[in-house]
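Thanks for coming. I'll go through one structure today, from its secondary structure to a pocket.

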Amino acid sequence: MKICLIANLAPHYREEIFRLIDARMDCDFAFGDTLNNGIRTFSLTGFRNKVTVLKNIQNGEVTLWQKGVLKMLSRRYSVYILSGDIRCFSTWTFLIVSALLRKKVFLWTHGWTGREDRVTRWMKMLFYSFSDGLFLYGDYARRLMVSEGYSPSRLHVIHNSLSHAVQLQIRRKLNPTSIYRKHFGNALPILIFIGRLTPSKKLDMILDAMRILQDRHFLCNLVLVGSGPAEVSLRQTAASLGLQERVWLYGPSYNENVNAELIYNADLCVSPGNIGLTAVHVLTYGTPAVTHDLFKCQGPEFEAIHPGVTGDFYEYGHVVSLADRIESWLLSSKGRRMQVRKACQDEIDRYWTPEYQFDVINETLLKYAGTSSD
């Protein structure tokens, strides 16, 4: 079975799954050249199979057309996997033509979010109807789609992943360090956020929650790892609330060994806005996460969080609820840090790895094609 995987971009966090597919499948690749969304890409050298670079014609962050994608409709490919971006006109065209040619096409996509209005719902139903199946990021989207009448047999949950093999090597060498005790000069619980410091992450809510907790005589420290447009305002807010001594704006870090130490030694990741892949990142190193409970406005990675086990959810938009969840988690988890660490790592190791994604993709394609991909 000759496969062709066509993606809007080659994002760095997907390198491991793409390399795995390249090593184990007869699969050629086509990647869009750039996207104006700030996502880092990886080098396309070293692939065993053929790699084609497509020209992305964009409007802001949206890819409108991938120049050259229709040339990939070759007789040599029996199955295609495409990024399922409904806003990309060339994907619509590709799906329609492939249906006429009776080519098997699978879309790698978010699927339903729960935010769809009537027009968007109609467009998505039409868009997905041209495919043979969908590879979805989460069970939440699958449940919504089944409720809309989609056949469960066409919906395959593959979750999302980071560079799990690399992170696993780092994780095996980790031990508790005194990095936070040295910086803060105290042994208070450590809250952490790692990622871009943007207004959409609502990180100021952590500071407000810390002030509420301080009024309850419950103190903790906060580490913000990353940079972004909200950095200056966060520094100012911390000072205005009298929290500057307990807030460490660490800055950006692209060294995974450093990131691992920072995450591993923290007690709780707090992401008041959309948590996204941050959940996978922190749970990989055994640190639980708290984020909001309005799932239609979440990234699919929220599904890795199980209340009381790998983190918790606060009531969306309510800072008192956020403070409550932080306090209750830190109190209830006291004395069982290793148990929590193992639960977080087990969740990622089972469901949020490139190996898991590959297995679902491979089993699905084998079932549809009735032949081996090896």
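I'll start with how elements are named: helices (H or I, at least four residues) and strands (E, at least two) are DSSP runs, numbered from the N terminus. What you see is a predicted model, in which local features need pLDDT of at least 70 and side-chain atom pairs count only at pLDDT 80 or more, while totals for chains, interfaces and linings use all residues. Residues are numbered from 1 along each chain as its sequence is written, and side-chain values use heavy atoms, with hydrogens and water left out.

First, the sheet. Eight strands make up an open sheet with mixed pairing, in the order β4-β3-β2-β1-β5-β6-β7-β8. Two strands count as paired if DSSP finds at least two bridges between them. At the edges are β4 (62–67) and β8 (155–157), each of which pairs on one side only. Direction ignored, neighbouring strands of this sheet are turned by 25° against each other on average.

Now some of the pairs. β1 and β2 run parallel and are joined by five bridges. Cys4 has Asp28 as its bridge partner in β2, and Ile6 has Ala30 there. Strands β6 (residues 104–109) and β7 (residues 133–136) also pair in the parallel sense, over four bridges. There, Leu107 has Leu134 of β7 as its bridge partner.

How enclosed are β1 and β2? I call a residue buried under 20% relative accessible area, exposed over 50%, and partly exposed in between, using a 1.4 Å probe and protein chains only. Five of the five residues of β1 are buried, so β1 is largely enclosed by the rest of the structure. For β2 the count is six of the six residues, so β2 is largely enclosed as well.

As background, side chains in a regular strand alternate between the two faces of the sheet. In β1, Ile3, Leu5 and Ala7 are on one side and Cys4 and Ile6 on the other, all of them buried, which leaves both faces covered. In β2, Cys27, Phe29 and Phe31 point one way and Asp28, Ala30 and Gly32 the other way, and all are buried.

Next, the helices on the sheet. For the angles, axes are lines fitted to C-alpha atoms, for helices over the stretch in contact, and angles run from 0 to 180 degrees between N-to-C directions. Contact means heavy atoms within 4.5 Å. Helix α1 (residues 15–24) lies across β1 (3–7), β2 (27–32) and β6, and runs at about 150° to β2. Helix α2 (residues 89–100) packs on the sheet and touches β1, β4, β5 (79–83) and β6, with its direction at about 50° to that of β4.

Ser90 counts as buried, at 1% relative accessibility. Leaving aside neighbours within four places in sequence, Ser90 is in contact with Leu64, Trp65, Gln66 and Val69.

Another buried residue is Asp312, with a relative accessible area of 16%. Asp312 lies in strand β14 (residues 311–314). With neighbours within four places in sequence left aside, its contacts are Ala289, Val290, Thr291, Ile305, Pro307 and Arg325.

On to backbone angles. Most residues other than glycine have a negative phi. His159 is not a glycine, yet its phi is positive, about 60°. His159 is found in the loop between β8 and α5 (164–171), and is buried, with a relative accessible area of 5%. His217 also has a positive phi, near 65°. His217 is found in the loop between α7 (204–215) and β10 (221–225), and counts as exposed at 74% relative accessibility.

Last, a pocket. On a 1 Å grid over the protein atoms alone, a pocket is an open set of points with protein on both sides within 12 Å along at least five of seven lines, and lining residues have an atom within 4 Å of a point. Grid points are joined across faces, edges and corners, and a volume is the space filled by probe spheres set on the points.

The second largest pocket holds about 640 Å³ of space. Its lining has 28 residues, and Ala187, Leu188, Pro189, Asn265 and Asp267 lie nearest the centre. The elements that give two or more residues to this lining are α6 (179–184), α11 (319–332) and α12 (337–351). Of these, α12 gives the most, with four residues.

Methods. 1 Å grid on protein atoms, 1.4 Å probe; cavity = no way out; pocket = protein on both sides within 12 Å on 5 of 7 lines; lining within 4 Å.
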